[in-house]
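Notebook open, model loaded. I wanted to look at the ligand site first, then at a few loops and helices.

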Amino acid sequence: MRRKIVAGNWKMNKTLSQGLQLVDEILSAQNTSSQVLKIIAPPFTHLSSIAEKIKSKPDFAIAAQDCHHQPSGAFTGEVSAEMIASTGAKYVIIGHSERRMYAGDTTDILIQKLNCVLAVNLNPIFCIGESSEERNANTHLEAIRAQIKDTLFHLSAADFQKIVIAYEPVWAIGTGITATSYQAQGVHDFIRTEINKKYGKTISDATSILYGGSCNAQNAKELFSCADIDGGLIGGASLKSTDFVSITNSF
Ligand code: PEP
C-alpha cells in the first residue's frame with residue numbers, strides 16, 4: 001500500500017530559531033497520525049538541526065528543496081546531494097516550478113539532479129504541473145505526459161520506486177486558487193495510468209502522488225479523499241503549525 005504523505009515546503013522562509021520553534025510546535029501537537037509521513041523541507045541551513053530533532057520519529061522526515069546537478073566540484077555556493085544526505089535528510093524536492101522559472105532548471109538539468117539524488121540513496125520528490133496557458137488550451141495532459149516521459153521514464157524500475165511525484169499546477173502555486181478535487185483527481189489518475197503503462201500496476205499502485213497548489217487546512221480533506229491523491233506538497237500553509245498539523249490529519 002502506498003504511503004500517505006504531507007510535505008511542507010518552507011521555501012525561503014524562517015530563520016533557524018523560527019524553524020526550530022515551528023518543528024517543536026508540530027512535534028508537540030497531540031493529534032498527528034503516525035500513519036501519515038510528515039516531511040519538512042526547510043532551507044539548506046536548517047537541515048542538520050531539524051534532522052536531529054526528528055531523528056527518533058519514524059513518521060517524520062526531512063527534505064532539501066533542491067540540490068546541485070553535479071556530484072561535487074568548483075561550484076561556489078552550491079549544495080550537493082551527498083552533502084544533503086550527510087545531514088540526515090532523506091528526500092530532495094526536484095523540479096519545483098519556482099526553480100524551473102527562476103533558476104533555469106531545464107529538463108536536462110533535472111535529469112542530472114535526479115541522478116545525483118538517486119546515486120546517494122535519497123528519495124526525489126519530483127514536481128510536475130501545467131501552466132495556466134496549457135490548462136486553458138486543454139493541453140495540460142499532454143504537457144504532464146511530456147514532463148514525466150522526458151524526465152522520469154529513463155529510470156530503471158528500481159529507481160523509479162524511490163520517487164514521490166508532486167502534481168503542482170503552476171497556476172495554483174501561491175495564488176490561492178486551488179485545483180478542484182475533480183481537476184486534481186483527473187490528473188492524478190492520468191499520471192498513475194502513464195506509470196502503469198511504463199512500469200506496470202504493482203509500481204503504479206505503490207507510487208505516492210501528492211497534490212500541491214494552495215492546499216490548506218480548509219480544502220485538504222476534500223482533495224485527500226480522492227482515490228489517487230496520496231497527500232500534499234504544501235507551501236504557504238506549512239509555515240503555521242496548526243495549519244500544517246490540521247492538513248496532516250485531513251485523510
Ligand atoms: C509549493 O510551493 O510547492 C506550493 C504548493 O505552494 P503553496 O501551497 O503556497 O501554493
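My entries follow, starting with the ground rules.

**Ground rules.** This is a predicted model, so I kept to pLDDT of at least 70 for local features and 80 or more for side-chain atom pairs, while totals for chains, interfaces and linings use all residues. Residues are numbered from 1 along each chain as its sequence is written, and side-chain values use heavy atoms, with hydrogens and water left out.

**Ligand site.** Which residues come nearest to the ligand? I found 14 residues around the ligand, with Lys11, His96, Glu168, Gly174 and Ser214 nearest; a residue is near if one of its heavy atoms lies within 4 Å. The shell splits into 4 nonpolar, 8 polar and 2 charged residues. In that count Ala, Val, Leu, Ile, Met, Phe, Trp, Tyr, Cys and Pro are nonpolar, Asp, Glu, Lys and Arg are charged, and the others, Gly among them, are polar.

I then looked up polar contacts, meaning pairs of N or O atoms within 3.5 Å; within protein, one must be able to donate a hydrogen and the other to accept it, and residues adjacent in sequence count only if both atoms are side-chain atoms. Lys11 puts a polar side-chain atom 2.6 Å from a ligand oxygen. A side-chain N or O atom of His96 is 2.8 Å from an oxygen atom of the ligand. Gly174 uses a backbone N or O atom, 2.7 Å from a ligand oxygen. Taken alone the ligand exposes 290 Å², and the protein buries 95% of that (Shrake-Rupley method, 1.4 Å probe; for residues, only the protein chains shown count as cover).

Lys11 sits in the loop between strand E1 (4-9) and H1. Helices (H or I, at least four residues) and strands (E, at least two) are DSSP runs numbered from the N terminus. Its phi is positive, about 55 degrees, although Lys11 is not a glycine. Ser214 also has a positive phi, near 55 degrees, and I found Ser214 in the loop between strand E7 (209-212) and helix H11 (220-224).

Buried or partly exposed? With a relative accessible area of 21%, Lys11 is partly exposed, whereas Ser214 counts as buried at 19%. The cut-offs are under 20% for buried, over 50% for exposed and partly exposed in between (1.4 Å probe, protein chains only).

**Thr175.** Thr175 lies in the loop between strand E6 (164-167) and H9 and is partly exposed at 42%. I noted that its side chain reaches the backbone oxygen of Ala172 at 3.3 Å and the backbone nitrogen of Ile177 at 3.1 Å.

**Ser80.** I placed Ser80 in the loop between strand E3 (60-64) and helix H3 (81-86). Ser80 counts as buried because its relative accessibility is 5%. The Ser80 side chain reaches the backbone nitrogen of Met83 at 3.1 Å.

**H1.** Helix H1 (residues 16-28) has 13 residues and reaches 18 Å from its first C-alpha to its last, close to the 18 Å expected at 1.5 Å a residue; the expected span is 1.5 Å times one less than the number of residues. Which residues of H1 are buried? I got Gly19, Leu22, Val23 and Ile26. They lie on the same side of H1 because they cover an arc of only 95 degrees around the axis, taken from the directions from the helix axis to the C-beta atoms.
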